[in-house]
Amino acid sequence: MSMKIAVLPGDGIGPEIVKQAVKVLEALDQPFTLEEAPVGGAGYAAHGHPLPERTLALARSADAILLGAVGDWQYDKLERPLRPEQAILGLRKHLALFANLRPARLYPELAGASSLKPEIVSGLDILLIRDLTGDVYFGQPRGVRVAPDGPFEGSREGFDTMRYSEPEIARVAHVAFQAARRRSKRLCNVDKSNVLETSQFWRDIVIKTSAAYPDVELSHTYVDNAAMQLVRAPKSFDVIVTGNLFGDILSDEAAMLTGSIGMLPSASLDANGKGLYEPSHGSAPDIAGQDIANPLATILSAAMMLRYSLNLPAGADRIEAAVERVLAQGLRTADIWEAGTRKVGTNEMGDAVVAALAA
Ligand code: IPM
Ligand code: MG
């Protein structure tokens with residue numbers, strides 16, 4: 001049976017990195033159909049909306065979605081509903097892609113690229129699981145109004161609403177416990193329950209959910225402490241579960257521990273394993289079109305897609321092994337280059353991974 005992959009290159013470096021992942025997918029010689037559509041600024045430019053109807057329809061009908069990145073300065077002045085980021089938020093919401101998996105793994109060859117001492121990060125392998133469809137990102141009401149009360153009553157104020165329902169917390173907690181079960185059986189919940197009602201409720205539901213996973217050791221940390229521990233002793237973590245806003249911040253921090261955010265894939269899954277796969281980094285418009293962007297995060301996202309949505313774990317293993325091989329060969333894009341290695345461009349890196357697939 002042929003599987004359909006929606007390919008959404010997006011903006012900035014998106015198109016050139018997605019092109020490399022597509023090359024790798026095509027080289028696997030599997031029955032995929034790849035169908036492309038514009039998203040983000042490119043969606044706005046083509047159809048007047050960051051998530052054009054046809055793009056959303058394609059994403060809905062596909063078995064999995066491969067996305068590059070969205071965002072470009074020229075679209076930053078548009079009103080919020082038309083900005084590129086709305087495409088990502090819209091896809092997450094419309095397709096109920098609530099479980100975001102962001103692995104932060106340090107490749108031994110890249111230990112020198114981390115801003116932390118090698119002994120602190122060597123062997124690092126963390127999986128951050130973030131809820132993607134709740135929290136202040138989507139909570140209503142939100143807006144700008146005249147403050148109805150408080151010491152600044154009568155002044156203009158901005159407000160968002162942090163809220164999480166029990167099923168929303170429980171479903172992402174289940175994903176996290178199951179992931180922990182497949183790894184070291186340790187799960188750390190991150191919240192701010194010493195201050196926030198929402199977080200206290202979140203923690204209560206995570207604890208309630210833990211009853212189904214007696215084999216998984218559950219711990220809890222406040223988000224400020226988690227941010228500190230991530231740079232002090234990152235290897236003390238294995239699987240982390242947290243809400244949307246905290247996860248946004250901590251996942252960038254965790255990513256950088258590995259030296260380059262250019263290496264990190266991500267998966268955003270719905271309840272049935274359908275998913276959107278994208279690099280954890282952004283669209284980097286400052287280096288777009290120069291053939292210097294690192295395509296490995298996108299290529300590794302394609303591997304995650306094979307594993308989590310397309311049930312082709314052997315293909316995923318092959319891609320990951322090929323990436324390890326090109327790193328071992330000493331090939332580096334500019335973001336991970338160091339003396340003694342060979343600097344290659346985006347295209348050459350993609351070609352090298354394709355070649356390594358055959359090896
Ligand atoms: C991410 C990004 C997005 C987020 C933006 C682009 C809306 O930072 O995927 O982490 O905040 O979730
Ligand atoms: Mg982010």
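The sections below describe selected features of the model.

## Basis of the values

The model is predicted: local features need pLDDT of at least 70, side-chain atom pairs count only at pLDDT 80 or more, and totals for chains, interfaces and linings use all residues. Residues are numbered from 1 along each chain as its sequence is written, chains are lettered from A and ligands numbered from 1 in the order in which they are written, and side-chain values use heavy atoms, with hydrogens and water left out.

## Annotated binding site

An unreviewed UniProt entry places the feature "binding site" at Arg92, Arg102, Arg130 and Asp224. UniProt positions are given in the numbering used here, feature names are shortened, and annotations may be inferred rather than shown by experiment. The four positions span 133 residues in sequence and their farthest two C-alpha atoms are 26.4 Å apart, so they do not all gather at one spot. Of these residues, Arg102 is included in the lining of the second largest cavity. On a 1 Å grid over the protein atoms alone, a cavity is a set of points where a 1.4 Å probe fits but cannot get out; lining residues have an atom within 4 Å of a point.

Arg92 is found in helix α4 (residues 85–94); helices (H or I, at least four residues) and strands (E, at least two) are DSSP runs, numbered from the N terminus. Arg92 is buried, at 8% relative accessible area, where buried means under 20%, exposed over 50% and partly exposed in between (1.4 Å probe, protein chains only). Apart from neighbours within four places in sequence, Arg92 is in contact with Leu97, Arg102, Arg130, Leu132, Thr133 and Glu278, contact being heavy atoms within 4.5 Å. Asp224 lies in helix α8 (residues 223–232) and is partly exposed, with 45% relative accessibility.

## Helix α10

Helix α10 (residues 296–308) has 13 residues and reaches 18 Å from its first C-alpha to its last, close to the 18 Å expected at 1.5 Å a residue. The expected span is 1.5 Å times one less than the number of residues. Of the 13 residues of α10, 11 are buried, so the helix is largely enclosed by the rest of the structure. Among the buried residues are Leu296, Ile299, Leu300 and Met304.

## Aspartate 135

Asp135 sits in the loop between β5 (125–131) and β6 (143–146). Asp135 is buried yet has no salt bridge, and the nearest side chain of opposite charge, Arg130, is 7.5 Å away. For charge, Lys and Arg count as positive and Asp and Glu as negative; His and the chain ends are not counted.

## Salt bridges

The whole structure has 16 salt bridges, each a side-chain nitrogen of Lys or Arg within 4 Å of a carboxyl oxygen of Asp or Glu. One of them joins Lys4 and Glu35 (3.9 Å, N to O). Lys4 lies in strand β1 (residues 3–10) and Glu35 in strand β2 (residues 32–36), so the pair ties together parts 31 residues apart in sequence. Both ends are partly exposed, Lys4 at 22% and Glu35 at 37%.

Arg307 forms a salt bridge with Asp317, with the closest N and O atoms 2.8 Å apart. Arg307 lies in α10 and Asp317 in helix α11 (residues 313–328), so this pair ties together parts 10 residues apart in sequence. Salt bridges that share partners also join Asp125, Arg183 and Asp238 into one network.

Methods: On a 1 Å grid over the protein atoms alone, a cavity is a set of points where a 1.4 Å probe fits but cannot get out, and a pocket is an open set with protein on both sides within 12 Å along at least five of seven lines; lining residues have an atom within 4 Å of a point.
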